[in-house]
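Please keep the sequence and the model in view while reading.

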Amino acid sequence: MAIEKHSTPMLDQLETGPWPSFISGIKRLRDEHPEPRINAMTNDLLGQLEHSYETRKGYWKGGTVSVYGYGGGIIPRFSEVGKAFPSSKEFHTLRVQPPAGNHYSTSMLRQLADSWEKWGSGLVTFHGQTGNIMFIGTDTKNTQHFFDEINEYGWDLGGAGPCVRTAMSCVGAARCEMSCTNELKAHRALVNNFVDDVHRPALPYKFKFKVSGCANDCQNAIERSDFAVLGTWRDDMKVDQAEVKNYIADKGRQYYIDNVITRCPTQALSLTDDNTLVVNNRDCVRCMHCLNVMPKALHPGDDKGVTILIGGKRTLKIGDLMGTVVVPFKKLETEEDYESMVELAETIIDFWAENGLEHERCGEMIERIGLANFLDGIGIEPDPNMLDHPRQSSYVRLDGWDEAAEAWFERQAEAGK
Amino acid sequence: MADMREPIESGCPDPWQYMHPMMRKNFGQWKYHEHPRPGVLLHVAYSGDKIWTVKAGTQRILDVFTLRKLCDIGDQYAEGYVHFTLRSNIEYMVTDEAKVQPLIDALEDAGFVVGGTQNTVAMISHTQGWLHCDIPGTDASGVVKSMMDELIDEFRNATMPNRVHITTSCCQINCGGQGDIAINIQHTKPPKINHDLVANVCERPSVVARCPVAAIRPAMVNGKPSLEVDERKCICCGACFPPCPPMQINDAEHSKLAIWVGGNHSNARGKPTFQKLVAAGIPNNPPRWPEATAIVKRILKAYKEGARDWERVNEWIERIGWPRFFEEVELPFTKYHIDTWRGARASFNSSSYIRF
């Protein structure tokens with residue numbers, strides 16, 4: 001039976017222009033898909049969306065939908081105008097965790113497409129901003145069927161609500177010379193240790209892991225995650241002086257003075273009269289700029305590891321927070337290295353679960369209780385790398401100073417410094 | 001319950017099984033990369049192995065027909081493996097340079113847009129908006145389609161001073177994230193409260209606790225337990241709306257768009273930065289949002305003409321100064337640009353540094 005198509009004059013205007021149109025895609029499902037259920041569902045979806053465009057209002061409401069055994073992972077959507085658009089009145093999204101680093105074979109994408117058109121609307125996004133594959137639009141019953149089907153061949157739900165969320169990692173060592181760690185392994189070691197906390201929301205609020213292989217931070221880890229892992233190195237950067245000379249021969253000496261030497265944030269570089277690049281590695285902060293400009297000539301050192309920053313998040317409630325350095329450098333090579341990183345994550349999540357207020361992100365808790373108290377709570381000693389500068393305010397009680405100073409010297413002696 | 005299936009809590013899948021064999025072979029052994037043309041990257045391993053990546057923009061919200069078309073192209077013109085970037089572009093990897101141009105042609109012929117590498121305006125990061133979200137003030141997907149139609153040449157041609165990341169968000173949760181340019185909903189009126197529903201729908205103490213400025217308090221209204229908002233304190237952020245849908249913050253006329261610039265996640269040359277407000281009061285004008293796009297294009301034009309190589313938007317403005325930025329992009333500077341939140345003082349100029 002042919003469906004009565006909703007008129008969509010405003011959405012139709014999003015079919016013009018050269019960029020691919022999501023409206024055209026939804027219309028293809030309405031007009032060309034062999035499954036009548038999908039035709040009807042996408043027709044009503046377009047009808048509701050047109051109504052939103054006309055009235056400049058959204059008409060979806062949340063609710064409670066889950067799959068058997070889990071408490072989260074589904075974004076429930078019930079229409080407030082379901083009477084007018086009954087075929088899409090339930091239009092839930094399943095958040096599915098992607099493989100670390102977002103790698104796919106076309107055969108697996110086809111298998112997922114087959115399952116999704118069997119049970120859902122046929123609309124999918126790679127990926128949402130938390131990092132999940134978003135399977136957009138199905139009803140409560142088919143949510144379970146679709147999950148059961150893809151769960152059998154290796155896919156699991158991500159987080160939604162106050163829980164550990166789906167993690168993200170860059171392409172990293174798979175295809176990038178800047179990579180300083182095994183991003184995929186760090187990603188999976190962290191998030192897969194917390195599957196229970198992903199699937200059963202019981203934390204104060206969301207908690208995100210993101211892994212970037214270097215300071216370019218392609219995953220926006222510092223700004224967007226509670227637990228940011230960034231690859232770095234602590235020995236000398238590698239310089240291929242012959243390649244430096246090739247670059248200079250190509251674009252000229254001034255280009256590299258203006259774009260590399262003077263752009264170093266800590267003035268750690270100089271270029272000698274015979275075009276040798278001199279690096280002061282003690283001053284270098286591993287910002288990646290010079291490596292970005294001269295990728296053939298400059299490379300990270302061999303003594304690689306990660307820096308861990310805690311507490312990044314966006315505006316609500318107290319304002320934007322960047323992550324704060326809590327572990328300046330950590331080796332990630334042996335299984336024990338990975339285990340101790342996961343243990344740190346457990347310690348932090350436990351402390352936050354115990355002390356965070358409802359709907360308070362980890363960074364907000366740190367802001368409220370103070371970084372020093374947070375460090376004390378998770379058993380990490382203070383380190384000047386955690387700060388831009390020491391305190392400016394004299395409003396502080398210092399009667400424990402002597403003991404703290406003594407402890408510092410003891411730790412330094414233990415570390416062999 | 002007897003027939004309910006227990007989930008397999010497998011978590012994040014191992015990507016190794018889906019990774020291009022050349023990437024598996026040279027994992028952690030890449031030496032350098034080149035940028036042969038916009039939309040294409042060449043990575044060379046220490047072993048001498050080479051892999052070409054072709055990047056393409058899509059509509060992001062994919063129907064299964066489009067997804068299968070992307071797979072068909074991957075099978076016919078590439079090698080059956082793809083990677084999705086943070087900004088939802090699709091990347092195909094091939095090990096033979098001769099495959100690059102036919103792959104580009106196939107993608108372009110199918111309506112996808114090859115580009116998005118290095119000094120381009122990258123794909124705008126966003127989420128759903130009216131299509132699927134429960135709290136949106138606008139339709140990010142439509143805003144993005146409208147803007148990318150106009151910015152497509154900047155996606156295709158890497159002629160910006162450095163990469164430009166644009167984001168859009170339909171509320172202050174800001175799921176689009178920090179960007180060199182961010183186009184975000186900014187409400188300008190307090191929520192309109194349906195007092196008949198509050199007591200049944202909202203957990204009142206937690207709604208009170210969500211407010212960043214303590215403007216919400218419990219109250220009896222028309223004999224019913226409800227919430228009231230001190231409208232002199234309210235900053236119209238919308239934080240109360242998700243936990244309490246009867247506190248409707250979205251308004252067809254008064255929910256506006258604002259534009260922010262200078263967010264930069266990278267540590268290169270400087271520490272990561274948050275975006276700053278530059279324009280507000282922009283009409284939320286579906287289906288094409290021309291007013292917002294016009295301002296974005298002015299900012300991009302000034303940046304492209306004025307910034308030096310490698311300067312991101314924040315670095316360009318830091319060098320030329322905010323007065324000149326406002327002048328060049330022809331935007332008004334108002335008292336609303338002066339921050340009032342905690343830490344605001346750190347944004348004031350406490351020096352004699354003035355550009356003339």
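In which loop of chain B is B:Asn174 found? B:Asn174 belongs to the loop that runs between strand S8 (166-169) and strand S9 (181-187) of chain B; helices (H or I, at least four residues) and strands (E, at least two) are DSSP runs, numbered from the N terminus. Although B:Asn174 is not a glycine, its phi is positive, about 60°. B:Asn174 counts as buried because 24 C-beta neighbours lie inside 10 Å. A residue is called buried if 20 or more other C-beta atoms lie within 10 Å of its own, exposed if 12 or fewer, and partly exposed in between, with C-beta atoms placed from the backbone.

This is a predicted model, in which local features need pLDDT of at least 70 and side-chain atom pairs count only at pLDDT 80 or more, while totals for chains, interfaces and linings use all residues. Residues are numbered from 1 along each chain as its sequence is written, and chains are lettered from A and ligands numbered from 1 in the order in which they are written.

B:Arg269, in the loop between strand S14 (255-261) and S15, has a positive phi of about 70° although it is not a glycine. With 19 other C-beta atoms within 10 Å, B:Arg269 is partly exposed. The peptide bond from B:Pro286 to B:Pro287 is cis, with omega near 5°, and B:Pro287 lies in the loop between strand S15 (276-282) and helix H7 (290-306).

Chain B as a whole has 9 helices and 15 strands, and 50% of its 356 residues count as buried. One of the helices, H2 (residues 64-76), has 13 residues and reaches 18 Å from its first C-alpha to its last, close to the 18 Å expected at 1.5 Å a residue; the expected span is 1.5 Å times one less than the number of residues. Among the buried residues of H2(B) are B:Val64, B:Leu67, B:Leu70 and B:Gly74.

Chain A has 15 helices and 16 strands, and 51% of its 417 residues count as buried. An automatic or database domain assignment divides chain A into domain 1 (9-55), domain 2 (62-152), domain 3 (168-231 + 305-414) and domain 4 (238-299). The centres of domain 1 and domain 3 of chain A, taken over C-alpha atoms, are 43 Å apart.

Strands S10 (residues 227-233) and S15 (residues 304-310) of chain A run antiparallel and are joined by 7 bridges, with A:Leu230 the bridge partner of A:Thr307 in S15(A). In the loop between S15 and S16 of chain A lies A:Lys317, and the peptide bond to A:Lys317 from A:Leu316 is cis, with omega near 0°.

Finally, the two chains meet. The contact takes 105 residues from chain A and 95 residues from chain B, where two residues are in contact if their C-beta atoms, placed from the backbone, lie within 7 Å. Helix H4 (residues 106-119) of chain A supplies the largest share of the side of chain A that touches chain B, 7 residues. Strand S5 (residues 103-105) of chain A pairs with strand S5 (residues 81-84) of chain B in the antiparallel sense over 3 bridges, and A:Tyr104 stands opposite B:Val82 in S5(B).

Key. Two strands pair if DSSP finds at least two bridges between them.
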